[in-house]
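Notebook open, model loaded. I want to know how the strands pair up and what the chains share.

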2 protein chains.
Amino acid sequence: MSTPPSERARVKRYHQIAEYDAATIHAILDAMPLCHVGYVFNGSPYVTPTLQWRDGDRIFWHGSSASRMLENAECQEVCVTISLYDGLVMARSAYNYNINHRSVMIFGKPEKLVDAEKETQLRHMVNRTIPGQWERLRPVKPQELKATTVLTMKITEASAKLRSGQPDDDEDADFPVWTGVIPVRYEIGKPEANPKNLPGVEMPAETAFFKIG
Amino acid sequence: MSTPPSERARVKRYHQIAEYDAATIHAILDAMPLCHVGYVFNGSPYVTPTLQWRDGDRIFWHGSSASRMLENAECQEVCVTISLYDGLVMARSAYNYNINHRSVMIFGKPEKLVDAEKETQLRHMVNRTIPGQWERLRPVKPQELKATTVLTMKITEASAKLRSGQPDDDEDADFPVWTGVIPVRYEIGKPEANPKNLPGVEMPAETAFFKIG
């Protein structure tokens with residue numbers, strides 16, 4: 001187990017499955033683009049799902065410049081959480097039922113990107129899902145960049161939790177019930193072409209390399 | 001489109017894909033047990049992933065009685081968000097890239113369940129994933145019930161967002177790039193038996209009916 005970077009980021013419950021090293025945290029971010037951004041507005045908590053991506057030791061997310069989440073998040077404390085559900089752990093007792101999962105919580109105050117960095121990161125967001133796709137697209141327009149806000153934070157105050165494998169309930173080893181794991185995972189389906197595609201346009205071969213994260 | 005139950009729950013961005021009716025909201029809760037609970041602690045936002053389940057017009061989630069999330073959530077404002085990532089929408093421009101998704105945000109002040117209701121709901125949580133499993137398990141102990149907190153809220157202040165299908169970018173219809181959707185979804189794998197199972201115990205046939213949600 002590695003060392004928590006702050007008291008806030010220290011995992012309190014099930015701390016035995018906590019990790020704080022960058023490699024573990026980065027791998028979870030790279031495995032799941034969906035994140036949940038928590039922020040406080042008028043004293044109430046809000047949790048908004050959006051896409052995140054990583055570049056080095058920074059996390060990025062984006063949305064409309066008119067978004068409540070993005071306007072309120074800049075220079076305010078946020079908590080960004082990324083979670084993968086990996087399976088149901090069927091133990092001998094309800095108390096030891098569990099889920100296999102990987103999750104990360106990141107705390108901090110995000111900053112807004114300005115024009116050149118914004119375009120660089122939007123390009124990175126597109127090209128990390130389909131290599132080279134940004135260059136195939138209708139070029140981005142200045143007003144589209146203006147209408148898009150990209151926020152970033154350094155991944156400093158962060159923690160991960162990981163649980164895998166069979167139930168931990170040796171205290172009930174003699175109880176005669178089946179135990180095991182039902183694994184679940186995101187599967188990528190066959191691409192569905194838009195019926196409005198122009199005649200002759202082909203799906204880029206790189207689409208085959210699409211990854212969820 | 002249905003009517004928002006409160007100003008806070010009114011969807012601001014992409015309001016054209018917002019829904020507020022119970023059937024739509026319930027279906028999303030039932031499709032995804034993983035939820036993200038947002039709460040405020042010492043003025044900072046926290047987003048904790050946990051399992052949720054529904055019974056009628058109420059949502060439930062549980063955890064250790066020593067949990068910071070659960071202790072802080074009772075009688076405090078929370079926002080519980082449930083999200084499914086359904087696919088990547090490849091448009092003709094980066095600006096119109098999108099994700100197909102279903103998500104729900106629920107606002108409110110949760111209440112703690114007391115003993116009889118707590119056991120009823122824990123039983124419901126176990127049996128909704130594998131029918132009849134609660135009755136097969138080593139019976140729950142009083143100290144386990146005591147160590148478990150179950151929170152609930154009525155699903156009143158809630159909104160859903162749903163996006164499906166092909167890109168909306170007819171303004172770029174003449175740009176010669178392939179567009180389409182890459183679908184993604186959770187798949188349930190083959191159950192993996194615990195090597196520590198007693199000889200002769202069998203996997204319940206009902207395991208085959210396991211649903212993610």
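Terms before anything else: helices (H or I, at least four residues) and strands (E, at least two) are DSSP runs, numbered from the N terminus. I call two strands paired if DSSP finds at least two bridges between them.

This is a predicted model, so I keep in mind that local features need pLDDT of at least 70, side-chain atom pairs count only at pLDDT 80 or more, and totals for chains, interfaces and linings use all residues. Residues are numbered from 1 along each chain as its sequence is written, with chains lettered from A and ligands numbered from 1 in the order in which they are written.

Entry one, β10(A). Inside chain A, I find β10 (residues 180-188) antiparallel to β5 (residues 78-90), with four bridges. G180(A) sits opposite M90(A) there.

Entry two, across to chain B. Which strands of chain B does β10(A) bridge to? One is β11(B) (residues 192-193), antiparallel, through two bridges; V181(A) faces E192(B) in that strand. Another is β10(B) (residues 180-188), also antiparallel, with five bridges, and I noted V184(A) with I188(B) as its bridge partner.

I count residues as touching if their C-beta atoms, placed from the backbone, lie within 7 Å. Chain A gives 75 residues and chain B gives 75 residues. On the chain A side, β10(A) supplies the largest share, nine residues. By class, that side holds 43 nonpolar, 17 polar and 15 charged residues. My classes: Ala, Val, Leu, Ile, Met, Phe, Trp, Tyr, Cys and Pro are nonpolar, Asp, Glu, Lys and Arg charged, and the others, Gly among them, polar.

Conventions:
Contact = placed C-beta atoms within 7 Å.
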